[in-house]
Structure formats: structure tokens, C-alpha cells
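Here is a friendly walk through a model of two protein chains. Have the viewer open beside you as you read.

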Amino acid sequence: MRKLLFFGVTVFFSVWMASCKKDPKLVEEHDHDHDSVEFTNDVIVNITNVADNAIVQVSRDTIYTSLTPKYITAHGDTFSVTKLMYYVSNIRLKRPDGSYYVEKESYRLIDANDTLNTCRFVLKDVPVENYIAMEFILGVDSTRNCSGAQSGALNPINDMFWSWNQGYIFYKFEGFTSSVPNFGFHNLTFHVGGFTSPFNMIRWINVPFTNTSLNVDNEHTSTIYLKANLLESFRTPNTLDFVTLHTATSPVSSKLIVTNYLDMFSLAAIKH
Amino acid sequence: MRIKILVISVCVLFTFTYCKKDPEIIPVVNPAAANLYAPVVPSGWPAPVYNFTGNAVTEQIFTLGRHLFYEPMLSEDSSISCGSCHQQIFAFSNGPSHATSHGVHDLLGKRNSPTLFNLNWHNKIMWDGAVSNLENQPIGPIVNPIEMNLPYNTALARIAASAKYKALFKKAYGDTVVTSERFLKSFAQFMGLMVSHQSKYDKVKKGLDNFTASENSGYNVFKAKCASCHTEPLFSDYSFRNNGLPITAFQDSGRYRITFNPNDMFKFKVPSLRNLGYSAPYMHDGRFTSLSSVLNHYTSGVSNTPNLDPLVAGGITLTVQEKNDLISFLATLNDSEFINDSRFSEIH
């Protein structure tokens with residue numbers, strides 16, 4: 001009887017394993033093991049996407065007219081969010097003397113619709129020191145825009161790669177507003193990209209740790225809590241009016257967004 | 001007796017250890033066959049831009065790329081493959097009956113399918129330089145609505161679900177896992193090995209052949225009047241220039257479409273003069289069907305449009321004799337070995 005049970009269990013597992021292997025779904029290698037924390041001198045980064053005081057919720061409704069606009073811009077346009085994705089790359093932590101700890105192979109794709117897997121990540125094995133700011137490129141550096149086939153966050157299947165005029169989309173916001181006519185599709189489209197002059201959209205984001213600091217030691221795992229305020233991308237210095245600008249996909253029009261989103265990121269807290 | 005056995009054992013053991021430790025001593029049965037898949041940089045050529053870094057060429061990966069190149073599944077309705085608009089007999093362009101490319105549902109493109117050879121030397125790929133790295137190039141035509149019109153994820157999923165490609169991926173990469181990186185790199189191996197360097201011109205340069213009198217005169221005309229843009233040995237400097245084509249109703253802005261720089265308006269990549277005998281019609285929109293009409297453009301058709309290249313402003317002076325000699329010389333750039341190379345032919 002026992003033998004039979006053992007046999008049954010073995011068969012079950014073999015079939016189960018085989019069915020896993022046969023699955024034709026695309027398997028992707030991960031460069032970063034985002035969730036495992038092995039060393040206390042790892043630093044966790046937690047990004048919360050907000051619209052001022054509200055947490056951004058991504059609506060996946062297919063009939064956009066049925067969406068209730070949730071947020072309001074400085075100009076007074078109400079809107080809801082159907083997509084918010086962006087690259088955080090080349091992360092570096094600033095020391096008090098102005099030098100940096102630079103993370104290697106630092107490319108992450110943040111998706112506001114997948115907070116669990118993308119908005120919390122680990123900077124592995126950060127040197128035991130104090131840091132006064134975090135800096136990163138909101139987008140992808142020009143080298144990787146011109147490099148060959150990429151995997152992980154930079155895999156072109158992530159829908160953040162322009163197939164003609166090739167290069168990465170650095171920042172993608174799509175939404176629905178009742179301020180402009182519905183086109184039967186999301187009617188707000190802001191796609192930022194481009195890495196060559198005169199329309200180089202690569203921008204460094206600087207998040208100073210005002211009135212606090214990140215103290216990496218061998219006893220505590222620290223967490224940096226960042227806020228990304230979507231409303232800042234429509235607010236200053238260019239107060240955007242959705243009636244005049246609801247689609248920005250060329251480098252010419254996306255320059256306005258880029259200038260605006262420089263102050264989109266701020267520190268919420270550091271916990272040790 | 002015991003000692004004998006011991007000696008033999010030691011010898012056998014030693015031989016085994018030796019073999020295991022040094023796999024390089026296994027003789028290559030056919031070195032010529034192995035070299036067929038080695039990247040080619042002909043002597044005297046500049047260093048290539050794409051040099052297979054992180055993408056070591058093997059026959060199996062190359063062969064996977066060859067199958068993908070001729071795979072109609074990569075188009076929406078499985079009607080066309082890359083090879084449909086890039087045919088080997090036309091030096092991997094679309095042939096004389098297609099001024100511009102044809103996509104799914106009989107949709108007509110706006111540009112002439114460019115030839116594919118010596119791509120490793122292009123700084124930027126495509127007529128307008130839209131692509132910065134050879135490995136990512138296939139994504140463009142696969143997803144383009146007027147070309148193959150297939151979402152990139154769908155293309156990869158179709159390949160991943162195919163028994164044929166499971167076998168080809170296993171041969172190439174050791175397992176059946178289809179990733180974008182593997183897919184693109186195998187394409188790059190197939191396209192990157194397309195090196196055209198065995199024309200009569202190349203043989204003359206190596207001292208293996210001689211130009212006729214007319215070809216030689218044509219070569220001198222070429223060096224005096226064409227070589228500043230169509231630089232040897234690739235016969236292009238792969239820069240972007242406006243060669244004064246009259247602007248058509250479609251108003252293709254060329255390089256400007258990519259850079260949004262007004263100084264790039266109406267500029268297109270200088271095409272190589274190699275294999276012109278196979279790759280008519282000419283220019284980015286295939287407007288000229290013969291080489292004599294191309295030369296007539298340069299002598300009397302140059303239009304003073306924005307960003308006109310100073311080298312062709314006012315036209316190039318060529319006598320009838322010079323034109324004939326030039327056409328004789330250009331024929332020496334046809335590489336019949338390349339267009340008949342069985343490594344690149346259609347496969348299913």
C-alpha cells in the first residue's frame with residue numbers, strides 16, 4: 001500500500017514537473033533577485049506612486065468612458081491612470097564628501113500596476129557608510145540604448161522599446177480624461193524617450209535625504225521610501241492643459257514632461 | 001605480469017586523463033567547413049561596428065537565424081518572411097518589380113527595401129538610421145503595421161510554441177527556451193555573416209584579376225567624382241546626405257524623422273555601390289530603374305532642396321564616355337559568389 005502511494009506521488013510529481021517544462025510561455029532570466037535579503041547591508045528601495053496625497057491606482061477597464069476620473073491636475077483637468085511605467089537606472093548613493101557608491105548593472109522597470117514585483121527592490125551589498133542622497137537616471141543611458149539584444153528589465157518584450165527610431169521608452173503614462181473627446185482608447189498618452197542631441201531626454205533625478213541620512217551598517221537592513229508624485233509631471237514649471245497637450249510621444253512635445261518630472265521624486269522616510 | 005597490468009592500467013588512466021583535460025587536441029576533421037561560420041573582416045577593411053561581442057557565432061545559432069529569416073510565421077497572417085522583401089538573388093533587396101516594400105494585406109511601404117550585406121560596418125542601420133544595433137533590427141519590420149504587423153510578444157510566442165523551433169533552439173542553445181535575446185542574436189549571426197567581398201573589384205585589388213580599359217577609366221572617374229561619399233572599400237561612408245532628389249508628394253523627411261533636427265531634413269544614408277547589378281531599382285524610394293537614370297540625376301537632375309549636400313550642388317559633370325566607363329566599373333562591384341552563397345539561401 002505504501003509502495004503504491006509512493007508510486008502515485010512520484011507519478012504525480014513527474015507529470016507536474018513535465019507539465020511545467022512543457023509550458024511554452026517565455027522564460028526570462030532575472031538579473032536581480034529582488035526579494036531575497038541575504039546581507040544586512042542590503043538596502044531596500046520602496047517607491048510609492050502617488051497623486052499628491054492619493055496612491056495611484058491603475059485602472060485596467062477596457063471601456064475608458066466608464067472610468068471615473070480620480071485625480072485632478074494643477075490646471076484643473078480630472079483624469080484616471082491606465083498605465084504608469086518608467087525606468088530607474090544607474091542608481092548611485094551620494095556620500096557626504098560628494099563621492100558616490102554606484103550600483104552595477106542597475107536597470108529596473110517600475111510598473112505602478114505591479115507594485116509587489118517592481119516598486120520594491122534591493123540594492124545588494126551596499127558598502128557600510130553613510131549616504132546623503134540617492135540619484136538615478138529616469139530612463140536608460142545612451143550606451144544601453146545602442147547595445148544589442150537585452151534581457152531582464154531591458155528586454156524589448158516589456159513594451160518599453162520603440163521598434164522604429166529604436167531605443168527605450170523611458171517613461172510611459174497613459175490615462176483617460178473627460179476634458180478632451182474620447183478617441184475610443186486612452187486619450188492621454190505621454191511617452192518619453194530619445195537619447196541623442198538635441199532631443200536627449202536622459203535626466204538625472206536627485207533625491208536628497210533632507211534632515212536625515214542613510215546609515216548602512218552590518219546590523220540593520222535599511223529601507224529608503226520614495227514617493228513618485230505623478231501630478232508633478234503636469235504641474236511645474238509647465239502647467240499642462242490636457243486640451244492642448246494630451247498626446248506627447250515625439251521628443252519635441254515630451255520635453256515639457258521631462259522638465260516637469262525632475263522634481264517628481266522625493267524622500268518619504270528612511271528606516272533602519 | 002602484475003607489473004605489466006599495472007603499467008597498462010597507468011597508461012590507460014593517463015591517456016584518459018590527458019584526453020579529458022585537453023579537449024583542444026581533438027583534430028578538426030574539416031577546417032574549411034568550420035571557417036564557414038567564422039566572422040569575416042576582409043583585409044584592408046576598417047574594423048566593423050558590430051563584431052559579435054557576447055554573440056559568439058556557431059553554425060547552429062547561425063542556422064537558427066537562417067530559419068527565422070525565412071519564417072513566414074513572423075508576419076500577422078503568416079504570408080511573408082524577412083526573405084520576402086530581402087531576396088538573395090537581388091542582393092537581399094526586393095527586386096526590380098518593387099519600388100517600395102510590400103507588407104501584409106498588400107500594404108505598400110514608403111521606401112525601397114535596402115540590400116543586406118556588410119551590415120556590420122553600418123554605424124546606424126536603415127535608410128534613416130533608425131536602428132543603432134544590428135541585434136535589435138528585426139523588431140522593426142516584424143511589428144511595423146505596413147510590413148509584418150505582428151506584436152513582438154506574439155512573434156516570440158509563436159516561435160516558442162513551434163516544435164520545429166524547439167528543436168532548433170535546443171541545437172543552438174542547449175535547451176528549448178525561447179528568449180528575446182536568443183531570438184535576436186541568432187538573427188544577428190545570420191545577417192552579420194552576410195559579407196560581400198568577392199567581386200571582380202576585390203579580386204583586382206588582390207592582384208588576382210585585371211580591369212578592362214573601360215573599367216579602369218571608370219574607376220578613375222569614380223575616384224575623382226564619386227568616392228567622397230561612396231568611399232572604398234565599402235563604397236559608402238554610411239553618412240546621411242541629401243543628394244538632391246526632387247521632393248515627391250509624399251515628402252519623406254528621411255533622417256529628420258529620427259532626429260527631429262532640421263539639418264537632417266531630406267537626408268538618407270549613402271547606399272553602398274556594391275551589387276548594384278542585382279539591386280535595382282535605386283534610391284530610398286526606388287524611383288530610378290537603371291544606373292543610367294541615376295547618373296543622369298547627378299549630371300542634370302539635382303534639385304536644390306533644403307540641406308542639399310554641397311558635393312552634388314549644381315550637379316556632377318560627366319561626359320557620355322565617362323558615364324559608360326563608370327557603368328562598366330560599377331559592374332565590377334557585383335559579387336556573384338555572395339548572391340549564390342548557399343549559406344544564405346532560403347530554408348524551411
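The report below goes from confidence to the interface, the cores, a helix pair and some backbone details.

Residues are numbered from 1 along each chain as its sequence is written, while chains are lettered from A and ligands numbered from 1 in the order in which they are written.

The model scores ipTM 0.81 and pTM 0.84. Chain B has an average pLDDT of 91, and 90% of the residues score at least 70; pLDDT is the predictor's confidence in each residue, from 0 to 100. Over residues 5–31 of chain B, however, pLDDT stays under 50, and the model has one contact beyond four places in sequence for them. Two residues are in contact if their C-beta atoms, placed from the backbone, lie within 7 Å. Where pLDDT is low, the predicted coordinates should not be read in detail.

## Where the chains meet

On the chain B side, 30 residues are in contact with 24 residues of chain A. Helices H5 (139–143), H6 (152–161), H8 (180–192) and H11 (256–259) of chain B each supply at least two residues of that side. H6(B) gives the most, with six residues. Helices (H or I, at least four residues) and strands (E, at least two) are DSSP runs, numbered from the N terminus.

By class, the chain B side has 15 nonpolar, 12 polar and three charged residues. Here Ala, Val, Leu, Ile, Met, Phe, Trp, Tyr, Cys and Pro count as nonpolar, Asp, Glu, Lys and Arg as charged, and the others, Gly among them, as polar.

## Two nonpolar cores

A nonpolar core is a set of buried Ala, Val, Leu, Ile, Met, Phe, Trp, Tyr and Cys residues joined through C-beta atoms within 7 Å. A residue is buried if 20 or more other C-beta atoms lie within 10 Å of its own, exposed if 12 or fewer, and partly exposed in between; C-beta atoms are placed from the backbone.

The largest core has 58 residues, and Tyr86(A), Tyr87(A), Leu138(A), Phe170(A) and Val192(A) have the most contacts inside it. Strand E4 (residues 78–94) of chain A contributes the largest share, nine residues. Beyond four places in sequence, the contacts of Leu138(A) include Val88(A), Tyr171(A), Ile205(A) and Tyr261(A). A second, separate core of 50 residues includes Ala91(B), Ile125(B), Met126(B) and Met148(B).

## A helix crossing in chain B

The axes of helix H3 (residues 59–69) of chain B and H8(B) come within 7 Å and cross at roughly 90°. H3(B) is therefore roughly perpendicular to H8(B), a label for angles of 65 to 115 degrees. Axes are lines fitted to C-alpha atoms, for helices over the stretch in contact, and angles run from 0 to 180 degrees between N-to-C directions. Among the residues that meet are Phe62(B) and Phe69(B) from H3(B), and Phe187(B) and Phe190(B) from H8(B).

## Backbone details to check

Glu232(B) and Pro233(B) are joined by a cis peptide bond, with omega near 0°. Pro233(B) lies in the loop between helix H10 (213–225) and strand E1 (240–241) of chain B. Pro233(B) counts as partly exposed because it has 16 C-beta neighbours inside 10 Å. In chain A, a cis peptide bond joins Ser197(A) and Pro198(A), with omega about 5°.

Phe260(B) is not a glycine, yet has a positive phi of about 60°.

Notes:
Predicted model: local features only at pLDDT ≥ 70, side-chain atom pairs only at ≥ 80, totals over all residues. Parallel < 35°, antiparallel > 145°, perpendicular 65-115°, else oblique.
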